[in-house]
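Please look over the sequence and the structure shown here, and then read the notes that follow, which are arranged by topic for someone meeting them for the first time.

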Amino acid sequence: MNAQTETQALPEKYSKNLRILHWSMAACILGLITVGFIMVDLDKEDSLRPTLFALHKSFGVVVMLLLGLRLRERLQGPLPAPQPGLDAKEQEYATLAHKALYALMLIVPIAGWAHSNLHGREVKFFGIPLPKFFPTIEGIGGWTGEVHGYLAYGLLVIVLAHVAGVIKHRYKDHNDVLPRML
Ligand code: HEM
Ligand code: HEM
């Protein structure tokens with residue numbers, strides 16, 4: 001098969017599984033950031049606090065599981081051909097943003113898990129106790145939660161840049177990439 005036939009054989013959009021995974025993970029992540037912001041500001045005595053923390057951790061684990069499925073699906077391919085009409089610089093920025101998003105989708109929940117374990121707290125998945133991967137360190141302080149929080153803010157910033165890129169291509173350059181993910 002020559003290079004041209006190979007290019008023609010590539011699909012125009014992401015596979016159905018990758019599209020479902022993209023939107024379900026995006027919904028979980030945006031929900032986790034919103035709940036994360038709300039729960040840390042609640043009064044220690046607020047009865048909603050333990051419920052939101054438990055839900056936050058469980059859905060954080062859901063993101064980890066979906067990420068595993070997504071990476072497997074992505075490695076199996078085939079992936080759509082690069083969007084025609086994007087110049088090399090735009091393509092480079094988009095790829096860089098996608099790589100950063102994948103990295104943070106892994107690092108942010110690991111940091112959350114580490115924060116819980118380091119403070120001696122077990123992570124439960126909808127009530128099911130999960131392994132303790134990090135040791136308890138007495139008096140470690142709140143900075144581990146801050147690391148998790150700042151990484152999550154970083155993820156949010158890149159998501160906003162990612163969405164701005166999609167909007168720009170759709171409405172400004174008229175080189176719409178959205179149908180590739182719909
Ligand atoms: C992609 C997944 C996740 C996102 C986007 C996320 C996002 C956030 C955000 C935005 C906050 C609030 C930070 C602040 O304003 O201080 C937060 C707090 C927290 N998250 Fe996550 N989180 C995720 C996964 C997890 C996981 C898997 C766990 C544990 C297993 C977890 C445990 C926590 C805990 C314990 C806090 C409170 C931190 C503190 O008290 O300082 N998170 N998260
Ligand atoms: C938490 C939110 C989000 C995350 C973490 C995220 C992550 C990603 C990642 C990693 C990719 C690359 C896919 C791959 O090559 O395997 C991607 C592609 C894409 N995303 Fe998102 N996304 C989010 C939200 C959104 C939203 C809200 C939109 C709609 C405006 C969107 C539209 C797209 C489109 C159109 C593509 C395909 C881009 C292309 O092939 O050129 N994403 N997203």
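In this predicted model, ligand 2 has 19 residues around it, and those that come nearest are Ala26, Ile29, His98, Val177 and Met181. For ligand 1 the surroundings comprise 25 residues, with Gly36, Gly60, Gly112, Gly145 and Gly149 as the closest.

**Around ligand 2**

- The shell around ligand 2 draws at least two residues from each of H2, H4 and H5, and H4 gives the most, with five residues.
- Sorted by class, the residues of the shell around ligand 2 are 13 nonpolar, four polar and two charged.

**Around ligand 1**

- Two or more residues of the shell around ligand 1 come from each of helix H2 (16-41), helix H3 (48-76), helix H4 (88-118) and helix H5 (143-172).
- Among these contributors, H4 gives the most to the shell around ligand 1, with seven residues.
- The shell around ligand 1 is made up, by class, of 14 nonpolar residues, 10 polar residues and one charged residue.

**How H2 and H3 pack**

- The axes of H2 and H3 lie 9 Å apart, and the two helices pack at an angle of about 155°.
- Because angles over 145 degrees count as roughly antiparallel, H2 is roughly antiparallel to H3.
- The contact of H2 with H3 involves 17 nonpolar, six polar and four charged residues, and the crossing of these two helices is left-handed.

Note on methods
Residues are numbered from 1 along each chain as its sequence is written. Chains are lettered from A and ligands numbered from 1 in the order in which they are written. This is a predicted model: local features need pLDDT of at least 70, side-chain atom pairs count only at pLDDT 80 or more; totals for chains, interfaces and linings use all residues. A residue is near a molecule or strand if its C-beta atom, placed from the backbone, lies within 6 Å of it. Helices (H or I, at least four residues) and strands (E, at least two) are DSSP runs, numbered from the N terminus. Ala, Val, Leu, Ile, Met, Phe, Trp, Tyr, Cys and Pro count as nonpolar, Asp, Glu, Lys and Arg as charged, and the others, Gly among them, as polar. Axes are lines fitted to C-alpha atoms, for helices over the stretch in contact, and angles run from 0 to 180 degrees between N-to-C directions. Angles under 35 degrees count as roughly parallel, over 145 as roughly antiparallel, 65 to 115 as roughly perpendicular and the rest as oblique. A crossing is left-handed if the near helix is turned anticlockwise from the far one by less than a right angle, and right-handed if clockwise.
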